[in-house]
Amino acid sequence: MQPVIDIDGLSVTLTSGARGFTLEIPALRVAPGERVAFTGPSGTGKTLLLELLGLLRAPGAGRYLAALRDGAQTDLGALWKTRRGRAQIPPLRGRLFGFVPQTGGLLPFLDVRGNIALSQRISARPDAELIEALIGRLGLGPVARLHPDRLSIGQRQRVSIARALAHRPRFVIADEPTAALDPENAAEAMALLFGAADETGTAVVVSSHDLELLDSFALTRYRLGLIPDTDPDRVTSQLAPLEASASRPAATAGPAP
Amino acid sequence: MKLLVELSLRDLLRDWVYLLCNVAVLAGVIVPLLVLFGVRNGVYDALLGRLLSDPATLQIDTSGNNAFTEADLVELRGWPEVQFATLKTRSLFDYVNVREVGGRGKQEAIIAPSGTGDPMIAPLPALNAGEVVLSAALAQQLGVAAGAEVQLFTQAPERPRQLMLPARVAAVLPPERITGRVVMGDIAMLDLIEAFYDEYALPDHGITAGKPLASRNATFEGIRAYARDLESLGPLQDRIERRFAIATQADTAEVASVLGLGRNLGLALALTAGVAATGLAAALVFGFWGEVARKRRMIANLGLLGLPPRLISLFPVVQALVTALIGLAVSFGLYHLAAGAAERLFDTGLTDRGGLVTISGTEAMAIALAVLVFVTAAALVAARSAMRTDPATILREQS
């Protein structure tokens, strides 16, 4: 099966004065509908990795290919190199990805239904049935007409999940999506994310510190860790596959028993 | 674009307190300036109106004996500053007797040259041969009105016969236009009277004795010209005096004084508006910029979801434009109330435009356009800030 994300030797370096931080991704392939988890200690570049994947930061070197819904493969890394390519990035990001931030990703002046519909409107993929299905699937029916300031944190995260999936992206990027939730709500939110993604055939990449929670799901796991660098002023972090707890897409949607 | 406008407006309405603050800031500066501008217009219009109500304000009259020809008049009429010009005959022969045909009474009157286009006889469109215009006093004393047939007659010491000129009254001037008994006719009529006094034969009028008219060299004692507008009066007077090396009389000093007052009022208003606009610009620039900074995560969110930066930059601009439109509506509403209060307070009816405080529709449109441009310009800093908001903020800065 053609991977939805195909990365080889991708890296990016951030500098601040004489000091530098390099993130290296030797290889990363994500199949359609696959669940992937990134873990690692603080300071190893988990958010930077998600920024790279989500077309929010230009890579330095390496190859970053993505498969579009029509089967065509596009070189996302090359887009950053030309003015015309960079102009294509925002709408492509909107169509290709859905994002579930830790908190605060909703527009305060739209109600729940309006927030979920926003990703469809921006990517010009209207689908009222899917919105209603997601509202039902994520238990948002009773609060569909409320604005975010009337919702609990858990409800807001479920709205974020629905919005991230509403426009049928190929790929959902969830950055610590359950960090602000209590363990019970965290497990429920994560299960809803994976379950709803399964129904739309969307691959999911999650970064999290919550290893216990991740252990309860069938995921392809990668770990970010610091590796020795010849330059004493530079810190290098590298993404490496972890012994998989399970592998998608054969796994079940809910928490592991 | 439609989505962006909708999102901007929804956000603006949700933050109605901030909208109210910005509208109040706009109105707080615009309303006093509108009232000042309106007062400046009203007072200036009143002064100009008083001047322009008397056509003689634009008049330039020669004094003393000079020698002008028809060619001089043609040249003068060709100047762009000239609205109307006529030659004048010698003032010695300015008096005629006037009576209604078939009437019994006669009145002595001054005869003055006029013609088609003369502002003194406005709104009469033309003055044809054989037509005269009478001052109100003369018409009243003769008991005639427009359309009456009159006779102008005059007598010279050396002439055995009177010169009798029939004429039709084309119009009677309003009382405030000219005081006293005055009859105005074409320069040809006055020239005929002068020829009569100069003892020329006028066989067409039954006067056969005298010098042959063909031997007469027609020269004129003076000219009377009208400037096209108040601004042209001073320059035209200078030009006439330089061109013909003569002295002239005109209300130039008074006109210059009013025009100078208008300019100074305009300058004072411009300075006030400039200072106010600087303060307003600072308030709006930092206000709009602050709004974008406050909503940085929300704006970053739009970028994260796929809206291009150029479109996102319009987010604060749309809000600024709507704020400006509401601010203008409120400002003109408050101005209207203030102008009405001023009218009642001062009980004025000074100008044709309405009163003490006046702003025309064109001026209002220009002010509205200027405010919209100004506010849009003030929003550009915020637009740039919005455009540069990094969508990754949503992931990087967890709240």
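In the predicted model, 27 residues of chain A are in contact with 26 residues of chain B. The size of an interface is often given as the accessible area lost when the parts come together. Between chain A and chain B, the buried area is about 2400 Å². Carbon and sulfur atoms give 62% of this area. On the side of chain A, the residues that lose the most area to chain B are Leu56(A), Phe109(A) and Ile122(A). Together, these residues account for 26% of what that side buries.

Polar and charged pairs also cross the interface. The count of salt bridges between chain A and chain B is two. Six residue pairs are in polar contact across the interface of chain A and chain B, with both residues of each pair at pLDDT 80 or more. Three helices of chain A, namely H1 (46–53), H3 (83–96) and H4 (112–122), each supply at least two residues of the side that touches chain B. Helix H3(A) gives the most to this side, with five residues. Sorted by class, the side of chain A that touches chain B has 13 nonpolar, eight charged and six polar residues.

Within chain A, strand pairing and a salt bridge both involve strand E1. Asp8(A) forms a salt bridge with Arg29(A), and the closest N and O atoms of the pair are 2.7 Å apart. Over all chains, the whole structure has 28 salt bridges.

Strand E1(A) is also joined to strand E4 (residues 61–67) of chain A by five bridges, and these two strands run antiparallel. In this pairing, Ile7(A) stands opposite Tyr64(A) of E4(A). Strand E4(A) is in turn joined by three bridges to strand E5 (residues 73–75) of chain A, again in the antiparallel sense. Here the bridge partner of Leu65(A) is Asp75(A) in E5(A). The hairpin of E4(A) and E5(A) has five residues between the strands, and Gly71(A) in this hairpin takes a positive phi near 95°. A positive phi is also found at Arg168(A), about 50°, although this residue is not a glycine. Arg168(A) lies in the loop between helix H6 (153–166) and strand E7 (171–175) of chain A.

In chain B, strand E3 (residues 95–100) pairs with two other strands, E4(B) and E6(B). The pairing of E3(B) with strand E4 (residues 106–114) of chain B is antiparallel and extends over five bridges. Four bridges join E3(B) to strand E6 (residues 149–154) of chain B, and this pair also runs antiparallel. Val98(B) stands opposite Gln107(B) in E4(B) and opposite Leu152(B) in E6(B). In the hairpin of E3(B) and E4(B), five residues lie between the strands, and Gly102(B) takes a positive phi near 85°. The loop between E4 and strand E5 (131–134) of chain B contains Pro123(B). The peptide bond from Ala122(B) to Pro123(B) is cis, with omega near 10°.

A further part of chain B is an open sheet of four strands in the order E2-E9-E1-E10, with antiparallel pairing. Strand E2 (82–88) and strand E10 (248–249) of chain B are the edge strands, each pairing on one side only. Strand E1 (residues 59–62) of chain B is joined to strand E9 (residues 222–227) of chain B by three bridges, and the two run antiparallel. Within this pair, Asp61(B) has Arg224(B) in E9(B) as its bridge partner.

For chain B, an unreviewed UniProt entry lists residues 16–39, 265–290, 311–335 and 355–381 under "transmembrane region". In the model, the chain over residues 265–290 of chain B is 100% helix and 0% strand, and the end C-alpha atoms are 37 Å apart. Over residues 311–335 of chain B, the chain is 96% helix and 0% strand, with the end C-alpha atoms 36 Å apart.

Key. Residues are numbered from 1 along each chain as its sequence is written. Chains are lettered from A and ligands numbered from 1 in the order in which they are written. This is a predicted model: local features need pLDDT of at least 70, side-chain atom pairs count only at pLDDT 80 or more; totals for chains, interfaces and linings use all residues. Side-chain values use heavy atoms; hydrogens and water are left out. Contact means heavy atoms within 4.5 Å. Buried area is the accessible area (1.4 Å probe) that two parts lose on being put together, summed over both. A salt bridge is a side-chain nitrogen of Lys or Arg within 4 Å of a carboxyl oxygen of Asp or Glu. A polar contact is a pair of N or O atoms within 3.5 Å; within protein, one must be able to donate a hydrogen and the other to accept it, and residues adjacent in sequence count only if both atoms are side-chain atoms. Ala, Val, Leu, Ile, Met, Phe, Trp, Tyr, Cys and Pro count as nonpolar, Asp, Glu, Lys and Arg as charged, and the others, Gly among them, as polar. Two strands pair if DSSP finds at least two bridges between them. UniProt positions are given in the numbering used here, feature names are shortened, and annotations may be inferred rather than shown by experiment.
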